[in-house]
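Here is a short briefing on the structure below. Please read it with the model open.

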Amino acid sequence: MIAWFYSAQLIFATAVGLLALGLGFAKRKPSGISIGALALVQLALLVQLAASIVLVIAGEQAKQDTVEFFAYLIVALLIPLGAAFWALIERTRWSTVVIGVGALTVAVMLVRMNQIWTGTY
């Protein structure tokens, strides 16, 4: 896991989560801003997946368990998809809140993935 990219992802996912929660609590329905920001969170996770695969092929491993790291990463990839699907099906302000919760969940999962990769708590 690349440290600077992890930090950028964490900050961005948290910002998207807080923005979407704010928009949802302000009674805004899902829009291009909230769905687009969540799509960028998803894109960053895809880049993280590709980078992690390259690192593992190059010989690096997670300090704890590489399989567990990839399991977290794959589940984290599913969360924005589920939140976006929900937002597109049910276009209410609560869908925007779901987008926010999804992005914040990704942020929490990123912290756990970093802990697994670096072996720190």
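The crossing of H1 and H2 is left-handed. This is a predicted model.

**H1 against H2**

- The contact uses Phe 5, Gln 9, Phe 12, Ala 13, Val 16 and Leu 19 from H1.
- H2 answers with Ile 33, Ala 37, Leu 38, Leu 40, Val 41, Ala 44, Leu 45, Val 47 and Gln 48.
- By type, the residues of this H1–H2 contact are 13 nonpolar, two polar and no charged.
- The packing angle of H1 and H2 is about 160°, and their axes lie 10 Å apart.
- H1 is therefore roughly antiparallel to H2, since angles over 145 degrees count as such.

**H2 against H4**

- H2 and H4 pack at about 20°, with 10 Å between their axes.
- H2 therefore runs roughly parallel to H4, because the angle falls under 35 degrees.
- The crossing of H2 with H4 is left-handed.
- On the H2 side, the contact is made by Ser 34, Ile 35, Leu 38, Val 41, Leu 45, Leu 55 and Val 56.
- On the H4 side, Thr 96, Ile 99, Ala 103, Val 106, Leu 110 and Trp 117 take part.
- The H2–H4 contact counts eleven nonpolar residues, two polar and no charged.
- Leu 38, Val 41 and Leu 45 of H2 are listed in the contact with H1 and also in the contact with H4.

**The nonpolar core**

- The largest nonpolar core holds 28 residues.
- Met 1, Leu 45, Phe 69, Leu 110 and Met 113 have the most contacts inside this core.
- Helix H1 (3–25), helix H2 (32–57), H3 and helix H4 (93–118) each supply at least two core residues.
- H4 gives the most, with nine residues.
- In soluble globular proteins, nonpolar side chains tend to be buried together.
- Met 113 touches Met 1, Phe 69, Tyr 72, Leu 73 and Ala 76, setting aside residues up to four places away in sequence.
- Two of these partners, Met 1 and Phe 69, are themselves among the residues with the most contacts in the core.
- Leu 45 belongs to that group too, and Leu 45 also takes part in the contact of H2 with H4.
- Leu 110, another of that group, sits on the H4 side of the H2–H4 contact.

**Thr 66**

- Thr 66 lies in helix H3, which spans residues 66–89.
- Its relative accessible area is 16%, so Thr 66 is buried, the cut-off being under 20%.
- Thr 66 touches Val 56 and Gln 61, not counting residues up to four places away in sequence.
- Val 56 is also one of the H2 residues in contact with H4.

**Thr 105**

- Thr 105 lies in helix H4.
- Thr 105 is partly exposed because its relative accessible area is 31%, between the 20% and 50% limits.
- Thr 105 and Phe 85 are 20 residues apart along the chain, and their C-alpha atoms are separated by 16 Å.

**Tyr 121**

- Tyr 121 is placed in the segment after H4.
- Tyr 121 counts as exposed because its relative accessibility is 71%, and exposed means over 50%.
- Tyr 121 is in contact with Gln 64, Arg 112 and Gln 115, leaving aside neighbours within four places in sequence.
- Tyr 121 and Leu 21 are 100 residues apart along the chain, with 28 Å between their C-alpha atoms.

How values were computed:
Residues numbered from 1 in each chain as written. Predicted model: local features only at pLDDT ≥ 70, side-chain atom pairs only at ≥ 80, totals over all residues. Heavy atoms only, no water. Helix = DSSP H or I, 4+ residues; strand = E, 2+ residues; numbered from the N terminus. Buried < 20%, exposed > 50% of the residue type's maximum accessible area, 1.4 Å probe, protein only. Contact = heavy atoms within 4.5 Å. Core = buried A, V, L, I, M, F, W, Y, C linked by side-chain atoms within 4.5 Å. Axes fitted to C-alpha atoms, helices over the stretch in contact; angles between N-to-C directions. Parallel < 35°, antiparallel > 145°, perpendicular 65-115°, else oblique. Left-handed = near helix turned anticlockwise from the far one by under 90°. Nonpolar A, V, L, I, M, F, W, Y, C, P; charged D, E, K, R; others polar.
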